[in-house]
Amino acid sequence: MKNSLFPKIRPKYMFWTTVLFLTVTVISYFFFISEASDPILNIAMLYTLGVFITTRYTDGYFYGFLFTIGSVIAVNYFFTYPFWNLNFGIKGYHVTFLGMITIGIVTSALSTHLKKQERELREQEKSLAEQEKKLMEAQKEKMRANLLRAVSHDLRTPLTGIIGNSLSYLDMGDKFTKEENRQLIENINTDAVWLLNMVENLLSVTRIDNETAKVNKSLEALEEVVSSAVIYFKKRFPEAKVKIIMPEAVIMAMMDGTLIQQVIINILQNAQVYSKSSKPLELKVEDLGASAKISIRDYGVGIDEDRLENIFDGVGNRSQTSDTDGYKGMGIGLSICKTIVLAHKGEIMAKNYEDGAEFSFTLPKETEE
């Protein structure tokens, strides 16, 4: 039985214990014939070391105990007068005998206990690794489910609009006025642009490793990523106004610039579409020391409190009472924002103010190794 005093004999352990015992005995003989003033002390230390090595690389107490008994007999037979003869009646030898037995047993017990602790520690580490892997898998499954739910919700409405408007144009186009036909085409274009935006979001997710939920990062200036995102956003919303607040010092961070840019674009678009405000959006970058924080604030209607907690899980729009609700949702965009930020080991959050809402996320400022 494992770690018992008398386990089942294993030939491999028995062989190496015997080889080590013979090696220590040969080395002890050379100490004995040398001119050392006290060879017995050195010999005893050698046998004690042999006990420690034996218990370190074998299971249980048996082999260490066997080595200890062999050491006592060897010291008596080879290195104690009368030599080459067993004599346990020598005056004072009983103390030496008990001392070596005690040292051997204690050494064996300590070594076995340490090895047991190492084994338990390895098992705990393995268990923690398995739990962490299961947790990561659960998070990935949750993200995947939220993404599919958001895709099914957000794709259905614009596709229905495109199909309905195109059928109306084909069937009734000759009976509509020029302005009515133009309105149908504008509606189709709006829905098509929205679908393009969602496709870009889905393509962004493909840059995240499916196995490890990690991204390929490089050292980039956050200022350049923010500027590129705002320029892209302004192309889609020329009438939008964005006030940018940046620190004086340039913030360098390890990131996938394309993905972080997509997060900023998604949040800006969400604020522009659902805030119902003509006031400028406010984009603020802060240096928090170990991380950077990007905040996007609007001065509109805010977020429904019942949706605030799960707004990044792809469950719907910002405002349940919004006129745009049922037309297009940003659930997929915000869900992908969360996936990207978590892949960068950051945090993303949303909160309300009396006059609007704020989306923010942090980005660890990891250094390039």
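Asn 181 touches Tyr 169, Gly 173 and Phe 176, leaving aside residues up to four places away in sequence; touching, or contact, means heavy atoms within 4.5 Å. This is a predicted model, in which local features need pLDDT of at least 70 and side-chain atom pairs count only at pLDDT 80 or more, while totals for chains, interfaces and linings use all residues. Residues are numbered from 1 along each chain as its sequence is written, and side-chain values use heavy atoms, with hydrogens and water left out.

**The chain as a whole**

- The protein chain has 9 helices and 7 strands; helices (H or I, at least four residues) and strands (E, at least two) are DSSP runs, numbered from the N terminus.
- Of the 369 residues in the protein chain, 40% are buried, where buried means under 20% relative accessible area, exposed over 50%, and partly exposed in between (1.4 Å probe, protein chains only).
- Among contacts in the protein chain with a separation of 6 or more, 70% are between residues 24 or more positions apart.

**Helix α1**

- Helix α1 covers residues 11–33, and its 23 residues should span 33 Å at 1.5 Å a residue; the expected span is 1.5 Å times one less than the number of residues.
- The end C-alpha atoms of α1 are 33 Å apart, which agrees with that expectation.
- Tyr 13, Thr 17, Val 24, Thr 25 and Ser 28 are buried in α1.
- These buried residues of α1 pack against α2 (39–56) and α3 (62–79).

**Helix α2**

- α2 has 18 residues and reaches 26 Å from its first C-alpha to its last, close to the 26 Å expected at 1.5 Å a residue.
- Pro 39, Ile 43, Leu 46, Tyr 47, Gly 50, Val 51, Thr 54 and Thr 55 are the buried residues of α2.

**How α1 and α2 pack**

- Two packed helices are described by the angle between their axes and the distance between the axes.
- For α1 and α2, the axes come within 9 Å and cross at roughly 165°; axes are lines fitted to C-alpha atoms, for helices over the stretch in contact, and angles run from 0 to 180 degrees between N-to-C directions.
- α1 and α2 are therefore roughly antiparallel to each other; angles under 35 degrees count as roughly parallel, over 145 as roughly antiparallel, 65 to 115 as roughly perpendicular and the rest as oblique.
- The crossing of α1 and α2 is right-handed, a term for a near helix turned clockwise from the far one by less than a right angle, with anticlockwise giving left-handed.
- On the α1 side, the contact is made by Thr 17, Leu 20, Phe 21, Val 24, Thr 25, Ile 27, Ser 28, Phe 31 and Phe 32.
- On the α2 side, the contact is made by Pro 39, Asn 42, Ile 43, Leu 46, Tyr 47, Gly 50, Ile 53 and Thr 54.
- By class, the contact of α1 with α2 has 11 nonpolar, 6 polar and no charged residues; Ala, Val, Leu, Ile, Met, Phe, Trp, Tyr, Cys and Pro count as nonpolar, Asp, Glu, Lys and Arg as charged, and the others, Gly among them, as polar.

**How α2 and α3 pack**

- α2 and α3 pack at an angle of about 160°, and their axes are 9 Å apart.
- This pair, α2 and α3, is therefore roughly antiparallel, and the crossing of α2 and α3 is right-handed.
- From α2, the residues in contact are Ile 40, Ile 43, Tyr 47, Gly 50, Val 51, Thr 54 and Thr 55.
- From α3, they are Tyr 63, Gly 64, Phe 67, Thr 68, Ser 71, Ala 74, Val 75 and Phe 79.
- The contact of α2 with α3 divides into 9 nonpolar, 6 polar and no charged residues.

- Leu 66 lies in helix α3 and counts as partly exposed, at 32% relative accessibility.
- Leu 66 and Thr 17 are 49 residues apart in sequence and 8.8 Å apart in space, C-alpha to C-alpha.
- Asn 181 lies in helix α5 (residues 178–205) and is buried, with a relative accessible area of 14%.

- The 18 residues of α7 should span 26 Å at 1.5 Å a residue, and its end C-alpha atoms are 26 Å apart, which agrees.
- In α7, 15 of the 18 residues are buried, so α7 is largely enclosed by the rest of the structure.
- Lys 276 is in the loop between α7 (257–274) and β4 (281–287), and its phi is near 55°, a positive value in a residue other than glycine.
- Lys 345 is in the loop between α9 (331–343) and β6 (348–353), and has a positive phi of about 65° although it is not a glycine.
- Lys 345 is exposed, with a relative accessible area of 60%.
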